Amino acid sequence: MRVDETTVRRIARLARIKISDEEAKGLEAELSGILNWVEQLDQVDTAAVEPMTRVVPIDLKRRTDVVTDGDIADDIVKNAPMVEDHFFVVPKVVE
Amino acid sequence: MSELTKLTIAEARDKLRKKDISATELTQAFVDAIDAANPSINAYVLPTPERALAQAKESDQRLKSGEARPLEGLPLGNKDLFCTVGVRTTACSKILDAFTPSYESTVGANLWNAGAVMLGKLNCDEFAMGSSNETSAFGPVVSPWRRNGKDGKPTADKLVPGGSSGGSSAAVAAGLCLAATATDTGGSIRQPAALTGTVGIKPTYGRCSRWGIVAFASSLDQAGPIAKTVRDAAIMLRAMASHDPKDSTSVETPVPDYEAALAQGIKGLRVGVPKEYRVEGMSKEIDKLWQDGIAWLKAAGATIHDISLPHTKYALPAYYIVAPAEASSNLARYDGVRYGLRVPGKDLIDTYENSRAAGFGKEVRRRILVGTYVLSAGYYDAYYLKAQKVRTLIKRDFDDAWKSVDLVLTPTTPSPAFAFGEKSGDPLAMYLEDIFTVTVNMAGLPGISVPAGLSAEGTPLGLQLIGKPFDEATLFRAAQAIEDAAGRFTVENRWWAADSAKPAAAKADTGNKKTKTGSKSK
């Protein structure tokens with residue numbers, strides 16, 4: 001699979017990572033190289049194979065639906081770059 | 001350097017119990033060793049000497065009053081992927097900035113509750129993505145090992161300690177902790193252990209809780225120890241492992257006394273040797289190492305069987321779909337809003353994009369983009385689903401093998417330690433470092449790397465043993481047989497001492513030494 005510059009820019013946008021023109025060029029080649037290499041998986045016939053969902057066959061545990069945690073707002077905002085009271089502050093999103 | 005830092009966990013534990021030494025004395029020896037070596041080796045990104053000495057003081061009280069816990073007073077290093085309450089945790093990425101958790105990882109809590117002392121946070125590849133520790137935002141770790149030139153004399157080439165747990169492997173090999181925590185997503189415990197002459201075990205997926213460990217690829221990540229000896233690794237894993245309701249993939253099964261299992265020997269064990277690991281262009285010295293391992297296990301009473309794991313060659317490409325896909329999802333949380341680095345932009349999306357561009361290093365960005373691509377609309381089935389199906393086949397290969405063998409023996413790495421920059425220009429060349437280790441993660445199995453010899457350059461090489469799910473005990477028994485036969489491999493050329501101290505006279509004989517120690521029976 002050949003990844004072109006438009007595709008690189010599209011996935012960078014999806015991943016929310018800003019890339020420069022120069023980086024986009026380099027990534028075209030690098031991502032194409034990696035994707036070409038993983039395409040050797042096409043040699044494997046997987047028509048009748050189930051995808052793996054867990055390596056150890058255990059059932060997920062269930063617990064009673066009750067509150068087990070809370071009242072830690074101070075802890076939660078403690079590491080935020082910008083905070084007002086117990087709110088995370090971000091640039092305005094609604095005009 | 002102090003003789004105390006040369007002790008194994010088992011030896012230090014005995015000396016503490018017999019009151020030959022105090023925990024404070026032992027901890028101080030490591031604090032001094034870190035001070036002297038870290039400027040050269042860069043194994044620690046954050047030493048925590050005050051906390052260590054406070055913990056040691058408490059240990060001394062407990063040792064005195066006869067309330068010693070299993071790891072009482074034993075100083076350890078903690079990979080910076082493990083969250084530590086009140087102590088900066090960065091995953092060696094700029095994006096976490098000065099993140100200071102208000103919680104402790106379950107594995108860490110298990111160790112400190114068992115009495116262990118934390119010396120500090122260890123360097124690693126950024127978000128554990130790398131095989132050389134060159135992607136760390138804190139700079140690379142320098143291996144304490146040096147390779148010899150063609151003339152047989154030591155060179156000054158800076159070698160990598162492996163990765164991603166390169167701070168852990170280097171610190172253990174250089175005597176900057178008794179043992180260290182580490183994590184392994186595709187080989188990040190076993191490959192650095194192999195390149196530094198240390199023992200590293202990645203337990204079965206679900207054996208150790210992943211809670212409080214910065215996530216890379218959640219279906220592959222496992223914690224485990226890097227230690228000086230097989231016995232030490234056994235002691236560490238028993239303390240680290242537990243069932244944890246906070247990690248729904250952690251498995252509720254008893255944790256055996258691995259150390260006690262060591263005495264059982266390996267008489268009658270069936271060891272499989274998979275032909276698919278004899279890869280094209282395998283060097284003669286790796287092949288010889290493998291043959292040595294076969295001979296040692298045979299001599300210790302095991303039987304050797306040729307086996308086939310036909311889908312081995314597809315494990316690495318499948319891994320490089322699954323791991324980036326899961327990483328792109330896990331790393332979506334770093335948005336510059338709730339914690340970590342923020343680089344303001346003209347609006348919210350611009351802020352996200354700026355923060356993530358500035359905060360993530362090159363390899364991490366590359367993997368997020370690959371992961372985003374393979375999960376994007378129209379490609380999910382062709383890549384991610386395909387890789388998960390191949391994964392089923394890889395696991396099936398092992399399930400078939402377990403019908404005729406109890407464990408599998410392979411080399412850990414295709415080559416010995418390389419120098420800085422030798423592989424960092426080409427992502428695919430670096431990815432091939434994991435060719436022998438990655439199958440184990442894909443199948444969720446336990447794997448251990450044991451030092452088994454030295455390369456022509458005088459640097460360590462390791463053998464890998466792969467076991468059945470939750471059968472780490474058998475791995476430790478077989479690893480002990482290899483260690484008994486091969487001896488231990490320790491760094492004798494402590495060049496960093498000369499780097500840090502007064503202009504000391506250069507030592508004439510700087511060769512690396514192999515010592516035959518044998519197992520200590522208790």
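This is a predicted model: local features need pLDDT of at least 70, side-chain atom pairs count only at pLDDT 80 or more; totals for chains, interfaces and linings use all residues.
## Two Crossing Helices

H10(B) and H12(B) are roughly perpendicular to each other, because angles from 65 to 115 degrees count as such and theirs is about 95°. The axes of the two helices are 7 Å apart.

On the side of H10(B), the contact is made by Ile321(B), Pro324(B), Ala325(B), Ala327(B) and Ser328(B). H12(B) contributes Arg367(B), Ile368(B), Val370(B), Gly371(B), Thr372(B), Val374(B) and Leu375(B). The residues of this contact divide into eight nonpolar, three polar and one charged.

H10(B) has 16 residues, which at 1.5 Å a residue should span 22 Å. The C-alpha atoms at its ends are 22 Å apart, in agreement with that expectation. The helix is mostly covered, with 14 of its 16 residues buried.

The largest nonpolar core has 174 residues. Those with the most contacts inside this core are Leu76(B), Ala171(B), Cys177(B), Ala179(B), Ile321(B) and Ala479(B). H10(B) gives the most to the core, with 10 residues. Another residue of the list, Cys177(B), is in contact with Phe30(B), Pro75(B), Leu76(B), Gly77(B), Leu119(B), Ala171(B) and Val172(B), leaving aside its neighbours within four places in sequence.

## The Contact Between the Chains

The contact takes 52 residues from chain B and 37 residues from chain A. On the side of chain B that touches chain A, the elements that give two or more residues are H10, H11, H12, H13 and H14 of chain B. The largest share of this side, 10 residues, comes from H13(B). By type, the residues of the side of chain B divide into 27 nonpolar, 14 polar and 11 charged.

## A Covered Helix: H4

Helix H4 of chain B comprises residues 106-113 and is mostly covered, as seven of its eight residues are buried. The buried residues are Thr106(B), Val107(B), Gly108(B), Ala109(B), Asn110(B), Leu111(B) and Trp112(B).

These buried residues pack against strands S2, S3, S4 and S6 and helix H7 of chain B. H4(B) is followed by Gly115(B), whose phi is positive, near 100°.

Ile435(B) lies in the loop between H14 and H15 of chain B. A residue counts as buried if 20 or more other C-beta atoms lie within 10 Å of its own; Ile435(B) has 21 and is therefore buried. Not counting residues up to four places away in sequence, Ile435(B) touches Val279(B), Leu316(B) and Pro414(B). Ile435(B) and Arg488(B) are 53 residues apart in sequence, and their C-alpha atoms are 25 Å apart in space.

Gly462(B) is found in strand S11 of chain B, which covers residues 460-467. Gly462(B) counts as buried because it has 32 C-beta neighbours inside 10 Å. Not counting residues up to four places away in sequence, Gly462(B) touches Ala193(B), Ala194(B), Thr412(B), Thr413(B), Ser449(B), Val450(B), Pro451(B) and Ala452(B). Gly462(B) and Gly197(B) are 265 residues apart along the chain, and their C-alpha atoms are separated by 7.2 Å.

Methods: Residues are numbered from 1 along each chain as its sequence is written. Chains are lettered from A and ligands numbered from 1 in the order in which they are written. Two residues are in contact if their C-beta atoms, placed from the backbone, lie within 7 Å. Helices (H or I, at least four residues) and strands (E, at least two) are DSSP runs, numbered from the N terminus. Ala, Val, Leu, Ile, Met, Phe, Trp, Tyr, Cys and Pro count as nonpolar, Asp, Glu, Lys and Arg as charged, and the others, Gly among them, as polar. A nonpolar core is a set of buried Ala, Val, Leu, Ile, Met, Phe, Trp, Tyr and Cys residues joined through C-beta atoms within 7 Å. A residue is buried if 20 or more other C-beta atoms lie within 10 Å of its own, exposed if 12 or fewer, and partly exposed in between; C-beta atoms are placed from the backbone. The expected span of a helix is 1.5 Å times one less than its number of residues. Axes are lines fitted to C-alpha atoms, for helices over the stretch in contact, and angles run from 0 to 180 degrees between N-to-C directions. Angles under 35 degrees count as roughly parallel, over 145 as roughly antiparallel, 65 to 115 as roughly perpendicular and the rest as oblique.
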